[in-house]
Amino acid sequence: MKFIDEYRDGGAVEKLVHAIEREATRPHVIMEVCGGQTHSIVRYGIDELLPPNVELVHGPGCPVCVTSLETIDRAHAIASEPGVIFCSFGDMLRVPGSSGDLFDRRSAGADVRVVYSPLDALKIAVENPTREVVFFAIGFETTAPASALSIALARRQKLGNFSALVSHVRVPPAMTSILGAPDNRVRAFLGPGHVCAVTGLDEYRPIAERFGVPIVVTGFEPLDLVEGILRTVRLLEASDPRVENQYGRSVREHGNTDARRWLDEVFEVTDRKWRGIGAIADSGYRVRDAYREQDAEHRFDVAAIEPREPPDCLSGQILRGVKKPSHCPLFGTRCTPETPLGATMVSSEGACAAYYASGRHLVRLGTRRDERRADP
Amino acid sequence: MCLAVPGRVTEVFDDDGIRMGKVSFGGVARKICFECVPDARPGEYVLVHVGFALSRIDEQEAARVFELLRELEPESEFVEEAS
């Protein structure tokens with residue numbers, strides 16, 4: 001397909017990898033922020049093509065993974081209310097809360113439906129006027145405009161039975177939090193291409209400047225990723241902490257102004273807790289008071305839930321790029337995609353699940369390039 | 001989760017006051033909301049995420065990745081094999 005196939009040319013990727021080998025003269029640690037990028041990098045083995053002095057660490061950009069346990073428990077409580085149709089993206093169904101997941105709720109009789117788009121949930125609300133329809137609105141700035149628009153459309157159409165449980169998260173505050181941690185290893189970022197298609201680059205410049213880290217907003221195909229890495233290495237070698245845009249075919253300087261307008265109309269910035277990481281100031285969106293009738297947290301009494309965290313795992317350190325999945329003794333043994341113990345295993349875009357899907361749990365310590373490096 | 005897929009716009013229309021349209025993904029058509037990319041026209045490519053057009057794909061910018069490749073190796077035969 002156009003705009004996909006030409007960015008998967010193995011020969012072209014190899015040329016760029018050779019350039020990275022030539023130009024990287026010292027060790028560099030680069031974090032790809034977005035879970036979609038992690039998924040591509042591991043799927044195509046891009047991290048294993050790179051020279052040993054260019055290390056990729058995987059960021060917290062998997063919204064399914066970082067949705068807090070409180071929010072998951074709230075979702076489960078709402079889904080279990082009589083008369084509710086609970087609509088969610090498919091990958092949230094398997095995420096464990098304090099007790100079980102949404103599949104368990106469904107087995108117990110709850111009406112949990114998988115939707116591809118929030119518009120599908122709106123349609124379900126129109127078709128079921130006597131039922132309460134709740135959409136589980138998760139995702140980064142990429143997804144948030146779709147939720148905002150659906151909430152606004154529900155109000156415009158006077159749909160009294162539609163609401164959204166909103167747990168949207170914002171990328172730049174998470175990057176700031178990672179860079180500010182005392183054990184931070186990250187010296188540069190591949191910026192999240194699809195998030196920036198909405199937000200543009202404005203919020204990233206102050207981060208690059210304050211922490212002296214280059215940020216190259218990058219796409220998702222192999223050629224995009226390798227070009228993003230080459231451009232990042234060039235900026236690191238030149239000690240030039242600027243923001244560049246590798247993904248110009250979809251990302252404009254100021255993003256998508258229509259999408260940003262909808263975000264601003266319906267949501268306001270709030271502090272949010274990230275699973276595995278903890279609370280990050282200004283890192284989420286919540287529904288503005290003007291739209292509280294469409295806010296599931298207002299319509300359902302679910303504020304007082306006390307979550308219980310599952311057993312210890314390294315997901316918090318993995319989400320901050322301090323550890324790799326293969327450093328965790330539970331990885332691939334007690335913790336698998338079927339029985340995930342922590343945030344990074346619950347979604348296919350989590351670093352642990354991506355490693356597992358590529359068979360990396362079968363390869364033990366000491367046999368791969370990234371594990372030959374000293375334990376960080 | 002932030003997966004977004006490029007597709008070709010085949011139709012844009014107003015549906016009960018909402019800007020909607022159809023996008024073809026390698027021949028598979030889907031109804032898509034165009035409220036965030038209201039000025040997209042049939043024949044153009046857009047990036048689609050959870051049923052919403054998110055961005056128009058800029059053809060000139062799309063070719064720039066290949067410029068970097070040519071710059072690395074001037075005689076290289078890398079050309080955009082767009083179909």
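Helices, of at least four residues, and strands, of at least two, are DSSP runs numbered from the N terminus. On that basis, chain B of this predicted model contains two helices and five strands. Their order along the sequence is β-β-β-β-β-α-α. Chain B has 83 residues, and 37% of them are buried. Taking contacts in chain B between residues at least 6 apart in sequence, 25% link residues at least 24 apart.

Chain A holds an open sheet of five strands, paired in parallel and ordered β2-β1-β7-β8-β9. The edges are formed by β2 (54-61) and β9 (243-245) of chain A; each has a single partner strand, so one side of each lacks a neighbour in the sheet. On average, and ignoring direction, neighbouring strands of this sheet are turned by 25° against each other.

Strand β7(A) stands between β1 and β8 in the strand order. Five of the five residues of β7(A) are buried, so this strand is largely enclosed by the rest of the structure. To one neighbour, β1 (residues 28-34) of chain A, β7(A) is joined by three bridges, and the two run parallel. Here Met31(A) is opposite Phe189(A). To the other neighbour, β8 (residues 215-218) of chain A, β7 (residues 188-192) of chain A is joined by four bridges, again in parallel. Phe189(A) is opposite Ile215(A) of β8(A), while Leu190(A) has Val216(A) as its bridge partner in that strand.

Leaving aside residues up to four places away in sequence, Ile229(A) touches Ile20(A), Ile30(A), Leu50(A), Val54(A) and Leu190(A). Leu190(A) is the residue whose bridge partner in β8(A) is Val216(A).

The last topic is the contact of the two chains. Chain A supplies 43 residues and chain B supplies 35 residues. On the chain A side, the elements giving two or more residues are α1 (10-23), α2 (35-43), α4 (63-66), α7 (118-127), α8 (144-156), α10 (193-199), α12 (222-237) and α13 (257-266). The residues on this side of chain A comprise 24 nonpolar, 10 polar and nine charged.

Conventions
Residues numbered from 1 in each chain as written. Chains lettered and ligands numbered in written order. Predicted model: local features only at pLDDT ≥ 70, side-chain atom pairs only at ≥ 80, totals over all residues. Buried ≥ 20, exposed ≤ 12 C-beta atoms within 10 Å, placed from the backbone. Contact = placed C-beta atoms within 7 Å. Nonpolar A, V, L, I, M, F, W, Y, C, P; charged D, E, K, R; others polar. Pairing = 2+ DSSP bridges. Axes fitted to C-alpha atoms, helices over the stretch in contact; angles between N-to-C directions.
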